[in-house]
Amino acid sequence: PVTLECGDNFCRSCITQSWEGVDTNFSCPQCSKTSRKRTLRANKQMANITEIMKKFCPKKTRQNEGDWCEEHEEKLKLFDEDEKTIGDCSSESQNHSSHTVMPIEEAAQLYKNKFKMCTEPLKKKLEDLMKFKCNEEKKAEELMNETEIKRQKLVSEFEELHQFLNKEKHILLSKLEEKKMTVLQRIRENVSQLEEQCSSLMHLISEIEKKIQQPDDELLKNVKDTLRRNRSTEDQK
């Protein structure tokens, strides 16, 4: 038993249930006075009287009023499995006599067991999903590592190939340049020889043309030498 600020006395569990969900302005069910604070003072005197009354009140008298819970000192609460509701063994609960009812503690234990049975396959499924997730993450990591290794290998191979091709390019370009210089040198030498031959021919032509214009006696001088040089020029072709 507890006493409120207004002086009225109540069962602690009853008044607590009455104030359930209330945060302020706690109202007394007896006199309707309100209190800002939830103040409950234990009434030891009334508690002693209650204990004395229990000794003089036979249990059968209480049990005649309906099934009685010795642990909580109240009417036994039952669970209607068909309508999923909770009630006591009063006459109101007799309306559900055609339904399957059981004590609330027994019903709670029954459904605890059912819930446990439900959680086992759920836990197993969760475990399987976690394993599958770990495997997928492992595959992703392996794929990333494998891809990185292949990428590095490709980059290395292409760098080596680039170096090789660059080296070959320089070798080929060098050979091409050497060949060009060799051919140019030969061409220049040929051009130089041709220029000498042209100059010699032009000189011979000029000499012959002059001889043609000379008198007969002058024309016949050194005629063999002139013809010899002409034949020599023809042979150079």
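**Figure 1. Confidence along the chain of this predicted model.** The protein chain has a mean pLDDT of 79, pLDDT being the predictor's confidence in each residue, from 0 to 100. Of its residues, 78% reach 70 or more. Contact here means heavy atoms within 4.5 Å.

As for the ground rules, residues are numbered from 1 along each chain as its sequence is written, and side-chain values use heavy atoms, with hydrogens and water left out. Since this is a predicted model, local features need pLDDT of at least 70 and side-chain atom pairs count only at pLDDT 80 or more, while totals for chains, interfaces and linings use all residues.

**Figure 2. The chain as a whole.** There are 6 helices and 10 strands in the protein chain; these are DSSP runs numbered from the N terminus, with helices being H or I of at least four residues and strands E of at least two. Buried residues make up 12% of the 237 residues, where buried means under 20% relative accessible area, exposed over 50% and partly exposed in between (1.4 Å probe, protein chains only). Take the contacts between residues at least 6 apart in sequence: 35% of them join residues at least 24 apart.

**Figure 3. A three-stranded open sheet.** The order is β2-β1-β5, and the pairing is antiparallel. Two strands count as paired if DSSP finds at least two bridges between them. Strand β1 (residues 2–3) and β5 are joined over 2 bridges, with Val2 standing opposite Ala42 in β5. At the edges are β2 (9–10) and β5 (41–42); each has a single partner strand, so one side of each is left without a neighbour in the sheet.

**Figure 4. The largest nonpolar core, and Phe10 in it.** Seven residues make up this core: Val2, Leu4, Phe10, Ile15, Trp19, Phe26 and Cys28. A nonpolar core is a set of buried Ala, Val, Leu, Ile, Met, Phe, Trp, Tyr and Cys residues joined through side-chain atoms within 4.5 Å. Phe10 lies in strand β2 and is buried, with a relative accessible area of 18%. Leaving aside neighbours within four places in sequence, Phe10 is in contact with Pro1, Val2, Leu4, Ile15, Cys28, Pro29 and Gln30. Phe10 and Met46, 36 residues apart in sequence, are 10.0 Å apart in space, C-alpha to C-alpha.

**Figure 5. Two aromatic pairs.** Rings of Phe, Tyr and Trp (its six-membered ring) pair if their centres lie within 6.5 Å; planes under 30 degrees apart count as stacked, over 60 as edge-to-face and the rest as tilted. The count comes to 2 pairs. Trp19 and Phe26 form a tilted pair, 5.0 Å centre to centre with 50° between the planes, and both residues are buried. Tyr111 and Phe115 form a tilted pair too, at 6.4 Å centre to centre and 50° between the planes. These two are 4 residues apart in helix α4, so about one helical turn separates Tyr111 and Phe115. Phe115 counts as exposed, at 54% relative accessibility. The charged end of Lys114 sits over the ring of Tyr111, 4.8 Å from its centre; that label needs NZ of Lys or CZ of Arg within 6 Å of the ring centre and within 35 degrees of the ring normal.

**Figure 6. Ser32 in its loop.** The loop in question runs between β3 (26–27) and β4 (34–35). Ser32 is exposed, with a relative accessible area of 52%. Although not a glycine, Ser32 has a positive phi of about 70°. Along the chain, Ser32 and Cys6 are 26 residues apart, and their C-alpha atoms are separated by 9.2 Å.
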